[in-house]
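This report goes through one protein structure, from the whole chain down to single residues. Please keep the sequence and the model in view while reading.

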Amino acid sequence: MPQIFEYNGSALIAMVGKNCFAIASDRRLGVQLQTIATDFQRIYKVHDRLFLGLSGLATDAQTLYQRLVFRHKLYQLREERDMKPETFASLVSAILYEKRFGPYFCQPVIAGLGDEDKPFICTMDSIGAKELAKDFVVAGTASESLYGACESMFRPDMEPEDLFETVSQALLSSVDRDCLSGWGGHVYVVTPTEVKERILKGRMD
């Protein structure tokens, strides 16, 4: 992974459950090995059933998020409805590909509930090449250990509480193996009726 993606450090997971999904990130903002903040927000709410996580360079992530909010609000005005997760993923992909010769140094993770409350998750690289999954997706500097943890802990059709537990354990055990991410976690568990947000304490807190 090029060094610019590792400049701020990050860890992101999205995982599906039974008619629900969880999206989680670490809370560290660093400049290489120096920690700047321990309450940094990497996950953004697009609407009640759709969330976006942005790993990579923090400044690019915030710029990209602002562009996406603008485009989503235009869509809401024109269509008089919220964007479906699949449509939003295509929008993110198009915006990233538009800037392919001077890309945003971000790896987005998109998680949402689509038609009939079916969970949708996907991630992409910095120029918008989508990777769809039916179980979990990961991004950030901790992604190698996240893959291993999610692979061993994931079970299909988890209830929201089990899903929260699984995602939290996977995140906390993985950031311990990556010195560029950490300082606890931020977890959202989204069901058709509610959004639960929780902050996790890491080993350093």
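## Charges

Lys and Arg count as positive and Asp and Glu as negative, while His and the chain ends are not counted. The place of a charge is taken as NZ of Lys, CZ of Arg, CG of Asp or CD of Glu. On this basis the protein chain has 23 positive and 28 negative side chains, and the centres of the two sets lie 4 Å apart.

## Basis of the values

This is a predicted model, in which local features need pLDDT of at least 70 and side-chain atom pairs count only at pLDDT 80 or more, while totals for chains, interfaces and linings use all residues. Residues are numbered from 1 along each chain as its sequence is written, and side-chain values use heavy atoms, with hydrogens and water left out.

## The whole chain

The protein chain contains 5 helices and 12 strands. These are DSSP runs numbered from the N terminus: helices are H or I with at least four residues, strands are E with at least two. The C-alpha trace spans about 45 × 40 × 25 Å along its principal axes.

Of the 205 residues, 53% count as buried (under 20% relative accessible area; exposed is over 50%, partly exposed in between, with a 1.4 Å probe and protein chains only). Among contacts (heavy atoms within 4.5 Å) with a separation of 6 or more, 62% are between residues 24 or more positions apart.

A37 is in strand β4, residues 34–37. A37 counts as buried because its relative accessibility is 18%. Leaving out residues up to four places away in sequence, A37 touches R27, R28 and L29. A37 and R27 are 10 residues apart in sequence, and their C-alpha atoms are 7.9 Å apart.

S126 lies in the loop between β8 (119–124) and β9 (130–133). With a relative accessible area of 13%, S126 is buried. With the residues up to four places away in sequence again left out, S126 touches F5, L96, P103, Y104 and C106.

## Aromatic pairs

Rings of Phe, Tyr and Trp (its six-membered ring) pair if their centres lie within 6.5 Å; planes under 30 degrees apart count as stacked, over 60 as edge-to-face and the rest as tilted. The structure holds 5 such pairs. One of them joins F5 and F105: the ring centres are 5.7 Å apart and the planes are at 90°, so the pair is edge-to-face. This pair links distant parts of the chain, 100 residues apart, with F5 in helix α1 (residues 3–6) and F105 in the loop between α3 (85–98) and β7 (106–113).

F5 is buried at 12% relative accessible area, whereas F105 is partly exposed at 28%. Ring pairs also link F21, F51 and Y188 into a cluster.
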